[in-house]
Amino acid sequence: MSRDKVFATRQMPGATLERLAQHCELEIWGDFLPPDYEIIYDKMPDLTGLLCLLTDRIDPPLMDAGANLKVISNMAVGFDNIDVAAASQRGIPVGNTPGVLNETTADFAFALLMAVARRIPEGRQYVQDGKWRTWHPTVLAGQDVFGATLGIVGSGRIGAAVARRAKGFNMRLLVNSLETEEEIRQLGGEKVSLDDLLAQSDFVSMHVPLTDETHHMISERELALMKSTAILINTARGSVLDPKALFAALRDGQILAAGLDVTDPEPIALDDPLLTLDNCLIVPHIASASVATRTKMAEMAVDNVIAGLRGERLPTCANPEVYERSE
Ligand code: GLV
């Protein structure tokens with residue numbers, strides 16, 4: 001039997017890919033930037049496994065080019081870059097990396113929230129620009145976090161981890177989702193409608209996956225419901241916010257500020273109007289980027305590839321229905 005062939009669309013942390021190479025013939029894309037779609041496409045006929053990132057679009061034509069494909073493994077918890085329904089139709093299991101990044105991402109969502117609330121990036125710029133001439137009662141005054149109201153939109157595992165942090169800051173917690181209602185209720189959280197959450201929150205933090213339903217779920221109408229002192233934090237996916245509506249709301253003072261770890265598109269274009277706003281802090285999709293967590297994510301992604309090549313159930317599978325069908 002010929003050896004399994006796997007293409008990894010990027011180098012990964014630690015010795016994870018060396019471990020994978022013991023199980024298959026492994027080709028690694030060594031560039032810093034992702035391979036073009038066509039490059040992956042051309043490799044597909046030879047592959048039995050694909051180890052990809054959220055920067056790779058994995059669509060039905062690509063899957064059809066890989067007639068021997070046994071597994072697609074995404075080194076991310078989100079998998080909106082993959083047409084998972086199409087993979088299920090073709091009986092291809094798709095792996096992702098849930099769980100391991102919850103706390104790291106929640107740390108970062110909170111860091112972003114605090115950085116924007118207390119204007120830390122502006123403070124750094126102020127010092128570097130030589131503007132720090134004295135202590136002044138009004139200079140760089142921000143918003144209190146302690147005791148404020150936090151609205152968690154789509155409180156899954158990461159939302160619940162953010163809620164735990166917020167409890168330490170004595171925040172009032174509002175959630176609109178049923179997913180972790182019990183956990184959030186135990187933390188003192190209240191379940192309200194999305195509109196009420198937006199109207200009552202001092203901080204709104206997004207924790208929904210990107211789907212047809214969540215695409216642009218925060219747009220002009222929703223931003224208009226928010227307080228003029230509110231701060232919007234997004235560590236989910238860029239397209240859950242409507243960027244044009246967000247720009248207008250930030251420019252016109254409809255909301256106070258935003259902290260975005262994710263944008264639409266990524267990377268954000270350098271001429272994007274959001275980059276002209278002092279009240280919009282944008283960082284390059286790094287919420288899960290701690291050394292330990294990114295290494296664990298790579299390990300999980302490799303475990304999924306190895307299981308898939310062996311025809312075993314993926315330890316963390318985004319489309320378990322592929323197994324139900326064959327059982
Ligand atoms: C990162 O955004 C992920 O989905 O893992």
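**Exercise 1. Is phenylalanine 169 buried, exposed or partly exposed, and what is its relative accessible area?**

Begin with the ground rules. This is a predicted model, where local features need pLDDT of at least 70, side-chain atom pairs count only at pLDDT 80 or more, and totals for chains, interfaces and linings use all residues. Residues are numbered from 1 along each chain as its sequence is written, and side-chain values use heavy atoms, with hydrogens and water left out.

Step 1. Take the cut-offs: buried means under 20% relative accessible area, exposed over 50%, partly exposed in between (1.4 Å probe, protein chains only).

Step 2. Phenylalanine 169 has a relative accessible area of 26%, so this residue is partly exposed.

**Exercise 2. Classify the ring pair of phenylalanine 110 and phenylalanine 169.**

Step 1. Recall the rule: rings of Phe, Tyr and Trp (its six-membered ring) pair if their centres lie within 6.5 Å; planes under 30 degrees apart count as stacked, over 60 as edge-to-face and the rest as tilted.

Step 2. A search of the whole structure gives two aromatic pairs. In the pair of phenylalanine 110 and phenylalanine 169, the centres are 5.0 Å apart and the planes stand at 40 degrees, so the pair is tilted.

Step 3. Locate the rings. Phenylalanine 110 is in helix α5 (residues 102–117), and phenylalanine 169 is in the loop between α7 (157–168) and β7 (172–175). Helices (H or I, at least four residues) and strands (E, at least two) are DSSP runs, numbered from the N terminus.

**Exercise 3. Follow the chain from β6 to β7.**

Step 1. Strand β6 (residues 149–153) runs parallel to β7, and four bridges join them. Two strands pair if DSSP finds at least two bridges between them.

Step 2. Look at α7 itself. Its buried residues include Ile158, Val162 and Arg165.

Key
Right-handed = clockwise from strand over helix to strand, strands pointing away.
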